[in-house]
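Trainee: Hi! Could you walk me through this one?
Mentor: Happy to. Let's have a look together.

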Amino acid sequence: MAPVDKDKCERQDDQVVQEKQTDVLEESAHLIENEDEMEILVKEKEEMEKVIEELKTENSALKTAAASARADFFNFKNRVERDKERYIRLANEDLILQLLPVLDNFDRALNQSGDFAEDDIRKGVLMIRRQFFGVLESAGVSEIPTVGESFSPLCHEAVGIEAVDDPQKDGVIVTELQTGYKIGDKVVRASRVKVGKYVGKKDSDASINSDKDKEKDA
């Protein structure tokens, strides 16, 4: 058996160790490069996510602003249309005020009693009155309800009080002396009315008898 060359073996061992160290260093360097690249990718990913969140926030704000602008435009359009209708109705107010006395004269003629011939006249006047009031209705004019309605200072003008024996008629209109009119919700002329006042049955009867005595004396 040949003798072992210790120096040669040691050199071989040293060579193997150096090769392993070199391999380890190369692997370590490769790992370091991969870690650097990974860190860069992570930072880029975080920046992209930040940009995406900012874009989402900006997009949401733009959507909200657009919805608000649409709502404002819709409200503005409706307000303009309402104002236009209101101005058109009010523009006719002066003309209507001039026509109302004519309508009053028709009403007075219709309230007059007469014979058959007069009834014929009354029918003709009634027909004209209906036609005339139809013109007013087309302009948005309507009569203000009175008899049987509760008195309202917003659309009624009280010119007298009538005693009533029914407590439910207290504050209720019992007689219309002049018809009132309005255009839409605006009162053009308040109705002139008499309002019921509950004073008890005895006082009411006395008031009625007093009125009858005045009529006899007249």
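**Strands and rings**

Mentor: Let's start with a bridge: Ile 161 has Val 195 as its bridge partner in S6. Strands are DSSP runs of E with at least two residues, helices are runs of H or I with at least four, and both are numbered from the N terminus. This is a predicted model, where local features need pLDDT of at least 70, side-chain atom pairs count only at pLDDT 80 or more, and totals for chains, interfaces and linings use all residues. Residues are numbered from 1 along each chain as its sequence is written, and side-chain values use heavy atoms, leaving out hydrogens and water.

Trainee: How many bridges join S2 to S6?
Mentor: Eight, and the two strands run parallel. Two strands pair if DSSP finds at least two bridges between them.

Trainee: And what is the order of the strands in the open sheet?
Mentor: The order is S2-S6-S3, with mixed pairing. S2 (156–164) and S3 (173–178) are the edge strands, each pairing on one side only.

Trainee: New topic: which residues form the aromatic pair?
Mentor: Phe 133 and Tyr 181, with 6.1 Å centre to centre and 50° between the planes, so the pair is tilted (ring centres of Phe, Tyr or Trp, its six-membered ring, within 6.5 Å; planes under 30 degrees apart are stacked, over 60 edge-to-face, the rest tilted). Phe 133 is in helix H3 and Tyr 181 in strand S4, 48 residues apart.

Trainee: Is Tyr 181 buried or exposed?
Mentor: Buried, at 0% relative accessibility. Buried means under 20% relative accessible area, exposed over 50%, and partly exposed in between, with a 1.4 Å probe and protein chains only. Phe 133 is buried as well, at 9%.
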